[in-house]
Amino acid sequence: MQEWAAQLTALQQIDVNLAKLQGQVAQIPERMKHAEALFAEEAAAFRAAKEAAQNAQKTQMRLEAEAGGLVAKRRSFQQKTATIKRNDEYQAALEQLRQFEAELKRLDDEQLVWMERAEAAQGTLAQKAKALALAEKRAAEVRGDLKQFEENCRRQIAELEARRPEAAAAVPEALLRLYTRLRANRNYRADQPCVVPLLGGACGRCHTVQPPQTRQQVVRGEQVACESCGALLYQE
Ligand SMILES: [Zn+2]
């Protein structure tokens, strides 16, 4: 490999790695958001289950109070009717008592239904509480992992940035300008090389087979660009 190619690819290695690391750091907030969204989903499911369990319990209590009130009403009615003498009044009182019984039966049935619902809601709530605890643990792990990952990336970025000036200074000025212009080209991705080896007579970037003249120039160590993608070619 020509010296210029060695110097330039050393610099390029730093720049490509820097771009990759910066890309990874840039993705961290999105990955964090994803983890938090999963947690928020579990938290919402838990809140909904809690509300459902509370509602079922409230309904149960309301029905119980209603039944209690009705029993008290029936008792006081029975006391009042104990002294009834007339037959028609007695028949009316019986009818009223039948209505009390029917209403109590209805409340009893409803209470049973809600007791089952409350039990089921409690079961669901327990499940959701478990799932939430798991999600909380997972979210904490992801937060910790991402924080660690970001620290690692930033440390490597700092190391590469510290090494870069020396690597750039080793590259001849005109070549450095050409390289900087190439990397700034919008057809190039910062995390991919724009200085590539000639591989089997083809450009190491776009794989276009180069004409014989270009190949000869590359072999001679001249700085020549791929005619298709503009990458700077060198002989490995
Ligand atoms: Zn090419």
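**Overall architecture and local features of the predicted model**

The secondary structure of the protein chain, as found in this predicted model, comprises four helices and four strands. Followed along the sequence, these elements are arranged in the pattern α-α-α-β-β-α-β-β. The radius of gyration of the protein chain is 40 Å, well over the 18 Å that the globule rule gives for 236 residues, and the chain is therefore more spread out than a compact globule. Taken along the principal axes, the box filled by the C-alpha atoms is roughly 130 × 35 × 25 Å. Buried residues account for 15% of the 236 residues. Among contacts between residues at least 6 apart in sequence, 70% join residues at least 24 apart.

Helix α1, spanning residues 3–81, contains 79 residues and reaches 117 Å from its first C-alpha to its last, which is close to the 117 Å expected at 1.5 Å a residue. Within α1 a kink of about 30 degrees is located at I28, shortly before the proline P29. Helix α2 covers residues 87–169 and includes A120. A120 counts as partly exposed, because 13 C-beta neighbours lie inside 10 Å, a number that falls between the limit of 12 or fewer for an exposed residue and that of 20 or more for a buried one. Although A120 and A56 are separated by 64 residues in sequence, their C-alpha atoms are 9.5 Å apart in space. Helix α3, formed by residues 173–184, has twelve residues and reaches 16 Å from its first C-alpha to its last, close to the 16 Å expected at 1.5 Å a residue. This helix is hardly covered, in that the count of buried residues among its twelve residues is zero.

The four strands form an open sheet in the order β2-β1-β4-β3, with mixed pairing. Strands β2 and β3 (224–225) stand at the edges and have a single partner strand each, so that one side of each is left without a neighbour in the sheet. Strand β1 (residues 195–199) and strand β4 (residues 232–234) run parallel and are joined by three bridges, with V196 standing opposite L233 of β4. The pairing of β1 with β2 (residues 202–203), by contrast, is antiparallel and extends over two bridges, and here L199 has A202 in β2 as its bridge partner. These two strands, β1 and β2, form a hairpin with two residues between them, and G200 in the turn has a positive phi of about 55 degrees.

The largest nonpolar core consists of 15 residues, of which V195, A231, L232, L233 and Y234 touch the most other members. Two or more residues are given to this core by each of the elements α1, β1 and β4. Apart from this core lies another, of eight residues, among them F46, A49, L63 and A121. For L233, when its neighbours within four places in sequence are left aside, the residues in contact are V196, L198, C203, V218, V224, A225 and C226.

H207 lies in the loop between β2 and α4 (212–220), and its phi is near 65 degrees, a positive value in a residue other than glycine. Most residues other than glycine have a negative phi. H207 counts as partly exposed, because it has 13 C-beta neighbours inside 10 Å. Helix α4 contains V219, which counts as exposed because 11 C-beta neighbours lie inside 10 Å. V219 and L97 are 122 residues apart in sequence, and the distance between them in space, C-alpha to C-alpha, is 111 Å.

Conventions
Residues are numbered from 1 along each chain as its sequence is written. This is a predicted model: local features need pLDDT of at least 70, side-chain atom pairs count only at pLDDT 80 or more; totals for chains, interfaces and linings use all residues. The radius of gyration is taken over C-alpha atoms; the globule rule is 2.2 Å times the number of residues to the power 0.38. Two residues are in contact if their C-beta atoms, placed from the backbone, lie within 7 Å. Two strands pair if DSSP finds at least two bridges between them. A nonpolar core is a set of buried Ala, Val, Leu, Ile, Met, Phe, Trp, Tyr and Cys residues joined through C-beta atoms within 7 Å. The expected span of a helix is 1.5 Å times one less than its number of residues. The bend at a residue is the angle between axes fitted to the seven residues ending there and the seven starting there.
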